[in-house]
Amino acid sequence: MKVLVSFKVNKKYDNFEGSRMRKTIKGALEILNIPYTDSLVDYYDVAHLISPEQDGELNEIVDGGAPVVVSALYTEDDPVASYLQMDKTTKKSVLTPKAFKFLNKADLVLVPCQNAKELLIENGITSPIEICSAGVNMSRFDFSKNEEKEIFYRYYREDKNKKLVIAVGEYKGRMEGLSSFIGAARKSPNAIFYYIGKVTTRNKLNLKLNNIINGAPKNVKFVDVPPDDIYRSALLNADVFMIPGYKVTGITSIVEAMAAKTQIIARKSTILGGILEDGVTAHLAEFSETLASLTRDYLDGKIKPTTTQAYQQVSKHTLEAFGDELNKCYQLAIQSKVKRRF
C-alpha cells in the first residue's frame, strides 16, 4: 500500500497546523515502513487530504479511482485547513459550505473524538466517519535540550524570569473571545502574553482588530506564526496555553501543548469535551471573565496543575500508535471502495 499525503501551503507558514499535521502523518507512516508520496502524478493506493481547499485535488483523485481519506476538525486554528465557521448569533461552530461539499465527496472522514463525529453528522455529513486520535511526535518536546528552550527568549528578547502565556489562532473577523486573553493579561501585569496567529488578508488587520490590539496592555504581544523551532521553544517555556475564543480550536495545537507539559486553560466547547476533561487534563470555563481569573489564579499558584495527567494521556498517541490507526483506516477505505465497484 502506498499513500498520497497532500497538503501544500506557503512555506513561510510551514509550522502551522496543517503542515504540522502533514509531517505527523508522514512520520507515522515512516515508522511503520508504509511508503507515501506527495505527488498526484505518482502511483498511490489511497489519498489522505487535510484541507477543504484541496477540492480540486480531491476531484482529480476521485476521477483516478483511488479512495480519499480526509482528516477533519484537527486543524481549526489554521485558516487554510479549517472546516468550521462560527454562527454569529448562536456562537456555535458550523461547517462552511465549502467544507460540507468537500467532506461529502470523501470515502472516509477521520475526526479526533466522538463529539466531533456528532458535530459533522448534525451538519449533514453522510460520508463514513471514523474516530482517529491526533498523533504527536513526542520527540519534538525533549525537555533535556536546554539550548532549544532558550530560543524563544533570544528571538523575542524577553525576560525568561517572567511567566509566559501563549495562545494560537488566526487574525480574522471579530476574533470573539479575545477579550479573555487581554483580560487575563490585565490581571497578571508581570507575566507576558503572546498571541501567535496568521494574517490571511492582503490588507492585514481590519480596523476593529487594530483597535483591539492597540488597546491591549503592554504585556500582550501579537505576533505572526514563527519558525517551528521558535514555536516549540515557546510551548516548552509557556506556563499556560490559553484557548480564549468561541470558535473550535485546533486539536493539533492542543495535543502538542499537552506533550510540552503546558497547562491548558480553555473556553468550554462541545468538541473539547471529547479531548479535555475539566480539572483532570485542563481547566475549562464558559465565560471570558472566568477564563481570565483562572489564568491569573494559576499563575499565582492558587490552582493545581493538570499537566501530568494531560501528558500521560497524550503519551498514548505516539507516532507508532497513530500509524497503526491510520493503517486500519486506509485499509477500511480501500476495502469500501472495492465493494462499491462491484
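1. Cysteine 132 first: in this predicted model, Cys132 has a relative accessibility of 1%, so it counts as buried. Cys132 is in no disulfide, and the nearest cysteine sulfur, which belongs to Cys329, sits 4.8 Å away. Cys329 is likewise in no disulfide, with the sulfur of Cys132 as its nearest. Cys329 comes out at 8% relative accessibility, so it is buried too. With a cut-off of 2.5 Å between sulfur atoms, 4.8 Å doesn't make a bond, and a search of the whole structure turns up zero disulfides.

2. On to the sheet. There are six strands in an open sheet, running S2-S1-S3-S4-S7-S8, with parallel pairing. S2 (36-37) and S8 (129-131) are the edge strands, each pairing on one side only. If you want a landmark, look at S1 (residues 3-6), which pairs with S2 over two bridges in the parallel sense; Leu4 stands opposite Thr37 of S2.

3. Now the packing. In soluble globular proteins, nonpolar side chains tend to be buried together. Here the largest nonpolar core holds 90 residues, and Leu103, Leu120 and Ile264 have the most contacts inside it. Helix H10 (residues 251-259) gives the most to this core, six residues. Leaving aside residues up to four places away in sequence, Ile264 touches Phe241, Ile243, Ile254, Ala257, Met258, Leu276, Ala282 and His283.

4. Salt bridges: the count is 13. One of them joins Lys26 and Asp38, at 3.9 Å from N to O. This pair links distant parts of the chain, since Lys26 is in helix H1 (residues 17-31) and Asp38 is in the loop between S2 and strand S3 (46-49), 12 residues apart. Lys26 counts as buried at 16% relative accessibility, whereas Asp38 is partly exposed at 42%.

5. Then there's a bridge within a helix. Asp228 and Arg232 have their closest N and O atoms 2.8 Å apart, and both lie in helix H9 (residues 228-237), four residues apart, or about one turn. Asp228 is partly exposed at 21%, while Arg232 is buried at 13%. These two also belong to a salt-bridge network with Arg20, Arg140 and Glu256.

6. One more pair to check on screen: Asp297 and Arg296 form a salt bridge, with 3.1 Å between the closest N and O atoms. Asp297 counts as buried at 17% relative accessibility, but Arg296 is partly exposed at 25%.

Key:
Residues numbered from 1 in each chain as written. Predicted model: local features only at pLDDT ≥ 70, side-chain atom pairs only at ≥ 80, totals over all residues. Heavy atoms only, no water. Pairing = 2+ DSSP bridges. Buried < 20%, exposed > 50% of the residue type's maximum accessible area, 1.4 Å probe, protein only. Core = buried A, V, L, I, M, F, W, Y, C linked by side-chain atoms within 4.5 Å. Contact = heavy atoms within 4.5 Å. Salt bridge = Lys/Arg side-chain N within 4 Å of Asp/Glu carboxyl O.
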